[in-house]
Amino acid sequence: MKNSNLNNNTPTFKREPLVIYLITSFTFLLILLRLIFLQLLNHDNYKKMSDENRIRLLATQPIRGRIIDKNGLILADNRLRYSLIIKPQYVDENEWQKYKSEISKLLNISSDSLQRKYSDGIKNKNFSITLLDDLTVDQVIKFKENENSLNGVEILSRIIRNYPYKNIASHVIGYTQPITDSEFSILSKKGYKLNDSIGRTGIEYVFEDQIRGEWGGEMIEVNSSGTFVKSVGIKPSKQGKDVELTIDMNLQLVAEEVLKDKKAGAIVVMDPRDGAIRAMASKPTFDLNFFSKDFKPQKEYDSLFNSPTKPLFNRALNAYDPGSVWKIVTAIAGLESGSFPPETLLETKPCITYGSQCFREHNDLGFGTIGYEDALRVSSNTFFYQIGYGVGVDAIYDVSKKLGFASLSGIEISEQENIGLVASSKWAKEGRGWGEPGRTPWVPEDIASMSIGQFVVQVTPIQLARAYAAIANGGYLVTPHLSKQKRQGVTIQEPKKIDIDPINIELVKNGLRKVVESGTGVSINYGVSNLPPVSGKTGTAEDGEGGSDHAWFVCFTPSDKSELLIVAFAQNTPGGGSVHALPMAREILKVWNKN
Amino acid sequence: MVNRISLIKNKRFFYKKDKIDRKIVFSPLVVIPLVLVFISSILIKSVQREFVQSDFFNHFFTGLLGYFLAIFISYIPIERIRKYLIPFYFCSLVSLLLIYFFGISFYGAQRWLSLGIFSFQPSEVAKLSTILILAFVLERKSISSIKDLILPFSIVIIPWLLIFFQPDLGTSLVLIVLTFVMLYWCQMPIEWIFILTFCIFTSIFYLVSPYLLIVWIPLMGYLAYRSTQKKIICSVLTIVLHTLVSQLTPIIWEFGLKDYQKDRLILFLDPGRDPLGGGYHLLQSKIAIGSGGLLGTGLLNGKLTNLQFIPEQHTDFIFSALGEELGFLGCVLVLFLFFTLISQLVKVSKNARTNFESLIVIGITSTFLFQIIINLFMTIGLGPVTGIPLPFMSYGRTSLLINFICIGLALSALNRTRSLRNK
């Protein structure tokens, strides 16, 4: 070791490689013994397993949790679907011809369609070809009786999603779809399998994590003829959790029913005390069971995804011109401003000029000199023009934000939600969402539209429900929700007190009661007996996109301690809110009153 | 003697020509890795025969490149690299850190860093940089008191944490092992290694049967008593450490480990638990090896290998392809090659002229050895799935190149030994 101090003065360490040699020898010996055990002693065993691929994996599908309504009615569950498949590698052409006629006779289906599917499958080199989808139980039994003569043909059963109410509450419930290949690479880490389904919209999407359950599986050893020998390991699949909705099917069904004769529209029924949604319907709707089919006919597919009527679109969460139902916002803005105190009286006129245009009263006459309550009762335009002009756009914007407009409502299925629009001077200055900043300033004409809910105001039925609930419950902003259950750690927010003087809310509430007592909403009681007092507001709105008028009606009952709030909306249905929207609400009130 | 000193004094970057043993190109140290690369290239080809992928080609040429790189490095005296060590260490830390921001994710772990046209695994580079910097700090003084451990530990802990939280459990284990072996090489009492590594058993015992700890922890204290100078203090410290570890175990289990890491550990203890996931792969790996028999199915003929029954077979499970296609004899050959490589490396380390060289080579040796053992144990079903590649055989270009660089460093140390001996 005389050379060890070439570079420094440190003595060389005493190096003892013995331990390392020992560890190396010991572990290598272990490996060697293990290899002898695997490759020499048990070679025959493993060879057999390998040759015959004796280890099989049976995956067991998790059962997706159900979706049920408030009363325990099932809105979504699962059922077995049987499909008839053939494995072409076990069948030659002659056999196939024989099988074809046999199956066709047995199950009473045309042999042409069998041939078509078979040929397609052969062309695509499928490992197994689905000959028939969704067999009836009868067909399954018939096939099972004759199974032995049909080698290579099998019945596969699979659990699929089933929606007993078909097209009722479709937008709320949502649907599932198979995951795509590109999604699989990400989702496989979360335990999804190829061809697995995943919730795409609605409750199915939002509650996916709870509802989904977990795949299980069994590893089994089979003998050379493929029959089960023993289980090598098992992990049971976990059923997903049920999701209970706040939806009341009685109300949901009537909500869907009243929309039937409308071209398009939406109903929101909510408990104004806490925001629990009792019904949410959107017309046109669609049958959820379509998504459980294996073969999706192009025509049906187009009518869902490419139709101009947009059936997949949830109109309850999309924004439209509110028209006169917006006037409560202008009223509160006036009251809160201090310039127009509760006792304010204003002269209404046939029309009032702002900028270059004379904005008309809807009866072209005016209603004389009236206060807030009467202005709401007769739904005077010129009264609210003056209020709006007096307080300015930003005061109205501020109040609308307090009432939850121009923001997400907080409902679970926010993936379908549009926050709409409430104009402000900032918005106008910044280009109104379409123009260059500075080129689209606020003009006097705008304030007229702003005051009565046209063009520069776009709100969703759910936002209206929220705002009116705040009037109904005395000043609390609720979070609309479809389920009381937690999702991904999110709990529903408690109602929040709004920063608006309760006296002003009370005044608006009185006005809304007058609407039904002796104003535009008086027909709510027609043909209905012993309904508790109702408060409400009608609305007829010009469609900012150029279609015919929308009809609105919002009401809550009982007027004092409200338990139910309805927003009825008929899209592009000219004739007025009291004619088209109000009767829808009436039917729902009838059903509610009966229970 | 004059000559020897001039070897250091003159500022030539390479060894003088007469200092180089021409036979080094045939040294088993570098020939064995090349042979392993050849064999595994064919196996990778077999695994991926259905694909257009050129992984086997990449592996082969990276290996060839590595061979020449190793020869090239052997011409550089290791002493010359001293001044580059600290920058290298920090560069590797930065690249580890960058992973957290720009890393390419794979199987829930961020491991790759992309540099435009090619990407690499910073954790592989970090292994080498850690070995070098540890050798640099340890060469001067043997380890005799706890204080001596502070510097090396603080140097290792930074890359270790960065790697552990990628998360890359496998490489973080490699780092621990190479640190301990290098410390042992510096005369640290072997009991200390026991005391520290047995923390793992303390954790396991806590989970399995906490009562065992009543005997176990005092035993650790006794080990400390036996092996240190400040007996009482160290014993107490050891007992405190192990008690702490046992109490922290459930917390680490809950928050420190990713789900897939937990699964792997559970799986190892009870393979039937997840028949769909790893359990199936482990079993298929065993079946593939077992079905190989004495002679195997022949190269490119493995049934399970061709059918790709074993996921990641071209990386972590390459040995199962070897077992199936070349059988027992092939496995024994490869085992023999690994054994020879390891013992050659240990010899180089033992005979190295300076502590610095010796420590580098032993660090390299321990890295190889640990990876070989853990990988083979996993493949043949004796150990858990940890995602540690088999040196020179598993597909992975960063790790292959780094491994050849390590071989180059060992060759350089060998060169020096020989040149001095020849005089």
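**Backbone first, then the side chains**

Tutor: Let's begin in the loop of chain A that runs between strand S12 (277-283) and helix H11 (298-305), where A:Pro284 is found. Please keep in mind that this is a predicted model. The peptide bond leading from A:Lys283 into A:Pro284 is cis, and its omega is near -5 degrees.

A:Asn108 has a positive phi, near 60 degrees, although it is not a glycine. You will find A:Asn108 in the loop that joins helix H3 (93-107) to helix H4 (111-123) of chain A, and at a relative accessible area of 69% it is exposed. A:Phe455 likewise has a positive phi, near 55 degrees. Its loop lies between H17 and strand S18 (457-458) of chain A. Buried or exposed, or something in between: where does A:Phe455 stand? With 39% relative accessibility, A:Phe455 counts as partly exposed.

H17 of chain A comes up again when we turn to the charged side chains. A:Arg432 and A:Asp446 form a salt bridge in which the closest N and O atoms are 2.5 Å apart. A:Asp446 sits in helix H17 (444-451), while A:Arg432 belongs to the loop between helix H16 (425-429) and that helix, so the pair links distant parts of the chain, 14 residues apart. Both partners are covered: A:Arg432 is buried at 13% relative accessible area, and A:Asp446 is buried at 10%.

Compare that with a pair in two other loops of chain A. A:Glu214 and A:Lys238 meet in a salt bridge with an N to O distance of 3.5 Å. A:Glu214 lies between helix H9 (208-211) and strand S8 (216-222), and A:Lys238 between strand S9 (228-235) and strand S10 (243-244), so their bridge ties together parts that are 24 residues apart in sequence.

A:Glu587 forms a salt bridge with A:Lys590, the closest N and O atoms being 3.2 Å apart. About one helical turn separates the two, because they are 3 residues apart in helix H20 (residues 577-594) of chain A. A:Glu587, at 29% relative accessibility, counts as partly exposed, and so does A:Lys590 at 30%. In chain B, salt bridges with shared partners join B:Glu79, B:Arg82, B:Glu139, B:Glu357 and B:Arg416 into one network. The count over all chains comes to 28 salt bridges.

Now for the packing. The largest nonpolar core has 110 residues, and among those with the most contacts inside it are A:Leu35, B:Met182, B:Phe319 and B:Leu409. Which helix gives the most to this core? It is helix H15 (residues 318-351) of chain B, with 15 residues. Around B:Met182, leaving aside neighbours within four places in sequence, the contacts are B:Ile131, B:Leu134, B:Ala135, B:Leu138, B:Leu359, B:Ile362 and B:Gly363. A second, separate core has 98 residues, including A:Leu75, A:Tyr175, A:Ala331 and A:Ala467.

In helix H2 (residues 43-51) of chain A, the residues A:His43, A:Tyr46, A:Met49 and A:Ser50 are buried. Viewed down the axis of H2(A), its buried residues fall within an arc of 130 degrees, so they line one face of the helix.

A nonpolar surface patch of about 950 Å² includes B:Val94, B:Phe101, B:Ile157 and B:Phe165. Helix H4 (82-102) and helix H6 (147-164) of chain B each supply at least two of its residues, and H4(B) gives the most, with 6. B:Phe101 has its place in H4 of chain B and is exposed, with a relative accessible area of 62%. For the chain as a whole, chain B exposes about 18100 Å², with carbon and sulfur atoms supplying 72% of it. Of its 423 residues, 56% count as buried.

Technical notes: Residues numbered from 1 in each chain as written. Chains lettered and ligands numbered in written order. Predicted model: local features only at pLDDT ≥ 70, side-chain atom pairs only at ≥ 80, totals over all residues. Heavy atoms only, no water. Buried < 20%, exposed > 50% of the residue type's maximum accessible area, 1.4 Å probe, protein only. Areas by Shrake-Rupley, 256 points an atom, 1.4 Å probe, with all protein chains shown as cover. Helix = DSSP H or I, 4+ residues; strand = E, 2+ residues; numbered from the N terminus. Arc of directions from axis to C-beta. Core = buried A, V, L, I, M, F, W, Y, C linked by side-chain atoms within 4.5 Å. Contact = heavy atoms within 4.5 Å. Patch = residues over 30% accessible without salt bridge, like charges linked within 9 Å, V, L, I, M, F, W, Y side chains within 5 Å. Salt bridge = Lys/Arg side-chain N within 4 Å of Asp/Glu carboxyl O.
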